[in-house]
Amino acid sequence: MPRAPFRISPQAREDVLIRMQRDLERALQKPLKKRRWAMVIDTRKCVGCSACTIGCVLENKLPPGVVYRPVIDIEVGTYPNVTRKFLPRPCMQCDNPPCVPVCPVRATWKREDGIVAIDYNTCIGCRYCITACPYQARTFDFGENWTDGAARGADDDLALQTGRAYQTRPSFEYGREWNRIAGGSPVGNVRKCQFCLHRIEAGMLPMCVTTCIGRATFFGDSNDPESLVSELASSPDVTRLKEDMGTEPKVYYLL
Amino acid sequence: MKKVFWALWTAAFAAGLIGVVQRLSTGHLYAAYGSYIPWGLWVAVYIYLVGLSAGAFLISTVIYVFGVQKLASVGRLALFTALITLVVALLSIWFDLGHMSRFWRVYSSRAWTSMMAWMVWLYTAYFSLLLVETWFAIRADLVRRASGRGAVALVARVLVLGRSDLSGAALARDHRMVRLLATLGVPLATAFHGGVGALFGVIGARLFWHASIYPLLFLASALASGSALLTFLTAFWGPGRGTSEHRELVTLLATVTLGLLLVDVLFEFAEFSISLYATIPAAVRGFLIVLFGPYWWVFWIVHLGLGTIVPIAILATKRRQPQWAGVGAFLIAATFISVRLNIIVPGLAYPELQGLERAYIGPRLSYQYFPSLLEWQVSAFVASVGIALFALGLRFLPIVTARGREA
């Protein structure tokens, strides 16, 4: 008996990015306080390529030593039964963020849409919030540049020229233009992942989501029951980092 | 001896000044701390110096609030020591800020939930109180000096601020004001320095710091280190050196210091023993770094040996000899920086998430820390400014006088 032809539903064929883009556009129709941005990271799909880390560095023009989304590489087991697991670590955008109440100048706060923001023009650079974060998601901008110490000359090779051009480009964090090469903020400030807020508000998914080669990072509005992140975050495989601390992270991991 | 000291001072000041210029022109680029160990030597120097300040001030209140006359002749010295150590402490923490020009925002932001903001507000109040109290304590002597000739008289004339009344009523008012301000200062200094301890104690993410004993421990260590500094200063620069009164005075201060040091050791033992007994390894990590980490000698040799056992032996046996008492007290006061470094660094020297140390390699992403040359230079500047201010105070202000007893 001939078998019925195998059919793929149109939805299953769709890249999850398309669905998340729709989710994002739907969320942006709502007022700010009705949105609740969340991220889900499927560690079973993560291959540890660090494309998200590098995409984030490029998007936010991060200098050496500042990182918003390192991928932790953990070796599991003992030889010969050894494997590796990968754990990308963005800012958890906690609902009870321990970094917020410690700030002596109220330069960091929890926004209505759930993102923990920093005002670079208010931050005095005391670094107290860095000590308060249980996920070590905050780093300090010491003013270093990628081409520091490199030779100067008319015939610089292409990589160096590109590097110099790159570090003069502004970043657009929090929807403003930041030129760190001039030495002002965010140099001397604490910096961290903000789910690429400037991209979200322009209708684009965070850079780490779009650069993920395995589609292992999901983003959307957890207040919208129809969104992909809401679906994934209610899976029985879901967990959060240091959940027992009660910080209520908005980053979920699928194990 | 004096020449060697001032030669060393000049070297420290010059090196420090170069460091300060470099700090102001290049920011934090040449500091060794990073994003994983975000605080280093400058924060340690700050809490060390504010501890000395709070301790010296609280000793002064023994005289001005509780009326212990035996110590009356060092009341002004205690106040002035508290003032100078506070000023240079603030200098140290100011250099540590990412944006030094924005410090004023702490006053305008009304960050009620921040222990750091509270600490800043409290030390501002404490600084103002210290300044006014010191002025009232020395006003009468300033007036007496103002009529003379030379630089000392000129300084006195300026600082009298036009209030040259030496009548009995005016002197009585001075005494009342000193007593009132000192009384207000007791809860203020306690809150201020307890607040410095609380600044660390409230950080739940860092198990090494998150202990309710911290505010109390900070007060105990402030008293021990502050009284040690005062004993050292009194032994070598105090009033009536060479007399039996001076010997009695130094002996009493040394005895008080010894007692306070023992109390501090008790608090420290409570903190270490309870935490080390914890059967959850994560709770013990910071303590193991203090005891057996790369800088184990800071605890065992500098703090426990030179800063505790040796001075206890000296003060227990030779405190009747002012010079020995001074040496013992100096050892406590000078080595206390090791206690402060061992609070700051080990609390930050391990990753909060397993594997984070290898996740992303960068110049500031390390769990190893040793202060850079720039950090030592800036701290040398802070110390040399403190010493210079102290020397200028002794030279131009009635801090140590034969009349000291009157205060």
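Reader: Which residues form one aromatic cluster with B:Phe5?
Author: This is a predicted model, where local features need pLDDT of at least 70, side-chain atom pairs count only at pLDDT 80 or more, totals for chains, interfaces and linings use all residues, and side-chain values use heavy atoms, with hydrogens and water left out. Residues are numbered from 1 along each chain as its sequence is written, and chains are lettered from A and ligands numbered from 1 in the order in which they are written. Rings of Phe, Tyr and Trp (its six-membered ring) pair if their centres lie within 6.5 Å; planes under 30 degrees apart are stacked, over 60 edge-to-face, the rest tilted. The cluster around B:Phe5 takes in B:Trp6, B:Trp9, B:Phe13, B:Trp94, B:Phe95, B:Phe103 and B:Phe381.

Reader: How many aromatic pairs turn up over all chains?
Author: The search covers the whole structure. Over all chains, the count of aromatic pairs is 41.

Reader: What kind of pair do B:Phe232 and B:Trp237 make?
Author: On accessibility (1.4 Å probe, protein chains only; buried is under 20% relative accessible area, exposed over 50%, partly exposed in between), B:Phe232 is buried at 15%, while B:Trp237 is partly exposed at 38%. Their ring centres sit 5.6 Å apart with the planes at 85°, so the pair is edge-to-face.

Reader: And B:Phe299 with B:Trp300: what angle do their planes make?
Author: B:Phe299 is buried at 8% relative accessible area, and B:Trp300 is partly exposed at 36%. The centres are 5.1 Å apart, and the pair counts as edge-to-face because the planes are at 90°.

Reader: On to the interface: what area is buried between chain B and chain A?
Author: Contact (heavy atoms within 4.5 Å) takes 46 residues from chain B and 47 from chain A. Carbon and sulfur atoms give 59% of the buried area (accessible area, 1.4 Å probe, that two parts lose on being put together, summed over both). The total comes to about 3,800 Å².

Reader: Which residues in chain B lose the most area to chain A?
Author: Three names come up, together giving 17% of what that side buries. They are B:Arg102, B:Leu353 and B:Tyr360.

Reader: Which residue of chain A does B:Arg364 meet in a salt bridge?
Author: The rule (a side-chain nitrogen of Lys or Arg within 4 Å of a carboxyl oxygen of Asp or Glu) finds three salt bridges across the interface of chain B and chain A. For B:Arg364, the N to O distance is 2.8 Å, and the partner is A:Glu144.
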